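Here are my notebook entries from an afternoon with this model. I wrote them up in the order I looked things up.

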Amino acid sequence: MTETTSTAAYWEPLWAEGRRYRQLDDAETRLLDEHLGPGRGRAALDVGSGDGALARHLHDLGYRTTGIDCSASAIALAASRSSGPGRGPAWRCLDITTGDLTALPEPAYAVITCRLVYRWMDDKPAFLNRVRRLLAPGGTFWVVTEVSGRRRHDHRLQDPGITFSEAETLAAGWSRVHTADLDVLRCYALRP
């Protein structure tokens, strides 16, 4: 089996070795808060939780939050930063692309978030179909992704942004699509 960027085999060593990624900042959380509003006990799912910052923010907004990641080391890190059992999000090591979605604590979610993850999905249409099955009627799919071509050309990393075609795939089939740009990132609020 070929290792791809959407598998635990790729991400686990990076998290286990201490690699960390772009932190959630005030501008991004303000946009999220504007589009999602207070949780009022509704269910939220954070896909690709990493260190858990976004899942904890959703929990603080009043959502009943579950954070999932395919990396056991990322989930362990996220759980270690929680206030204690029952005081924060629930954490699950689960690969959204291949995992058993019935293992999740809720059958549907009012909010599903996906921060800096969409780019790395090998089969984006299949990923989006799995998300749609989990999204409750009237819910919101919140995606934060880098857009290709926005980094300076001399940046040391390859361009980790999504292409125009990948952006079209992401936005297709939703009744409402709202976007907002933050430096190299684009935030999407997608509703069925």
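**Entry 1: positive phi in loops**

I started with Asp 183, which sits in the loop between S6 and S7; helices (H or I, at least four residues) and strands (E, at least two) are DSSP runs, numbered from the N terminus. Its phi is near 40 degrees, a positive value in a residue other than glycine. Most residues other than glycine have a negative phi. Asp 183 is exposed, with a relative accessible area of 52%; buried means under 20% relative accessible area, exposed over 50%, and partly exposed in between (1.4 Å probe, protein chains only).

Before going on, I noted that the model is predicted, so local features need pLDDT of at least 70 and side-chain atom pairs count only at pLDDT 80 or more, while totals for chains, interfaces and linings use all residues. Residues are numbered from 1 along each chain as its sequence is written, and side-chain values use heavy atoms, with hydrogens and water left out.

Leu 116 also has a positive phi, about 60 degrees, although it is not a glycine. I found Leu 116 in the loop between S4 and H5, and at 25% relative accessibility it counts as partly exposed. Arg 119 lies in the loop between S4 and helix H5 (124-134) and is partly exposed at 22%.

**Entry 2**

In what order do the strands of the open sheet run? I read S3-S2-S1-S4-S5-S7-S6, seven strands with mixed pairing; two strands pair if DSSP finds at least two bridges between them. Strand S3 (90-93) and strand S6 (176-182) are the edge strands, and each pairs on one side only. From one strand to the next the twist averages 15 degrees.

Is strand S1 (residues 43-47) enclosed or open? Five of its five residues are buried, so S1 is largely enclosed by the rest of the structure. Ala 43, Leu 45 and Val 47 are buried on one side, and Ala 44 and Asp 46 are buried on the other. In a regular strand the side chains alternate between the two faces of the sheet.

I then listed the partners. S1 runs parallel to strand S2 (residues 64-69), joined by five bridges, with Val 47 opposite Ile 68. The chain gets from S1 to S2 through helix H3 (residues 53-60), and this β-α-β crossover is right-handed (with the strands pointing away from the viewer, the path from the first strand over the helix to the second runs clockwise). S1 is also parallel to strand S4 (residues 109-115), through four bridges, and Asp 46 stands opposite Thr 113 there. Four bridges join S2 to S3, again parallel, and Asp 69 faces Cys 93 across that pair.

**Entry 3: helix packing**

How do helix H1 (residues 8-16) and helix H4 (residues 72-80) cross? Their axes come within 7 Å and cross at roughly 45 degrees; axes are lines fitted to C-alpha atoms, for helices over the stretch in contact, and angles run from 0 to 180 degrees between N-to-C directions. That makes H1 oblique to H4 (under 35 degrees counts as roughly parallel, over 145 as roughly antiparallel, 65 to 115 as roughly perpendicular and the rest as oblique). Glu 12, Trp 15 and Ala 16 of H1 make the contact with Ala 72, Ser 73, Ala 74 and Leu 77 of H4, contact meaning heavy atoms within 4.5 Å.
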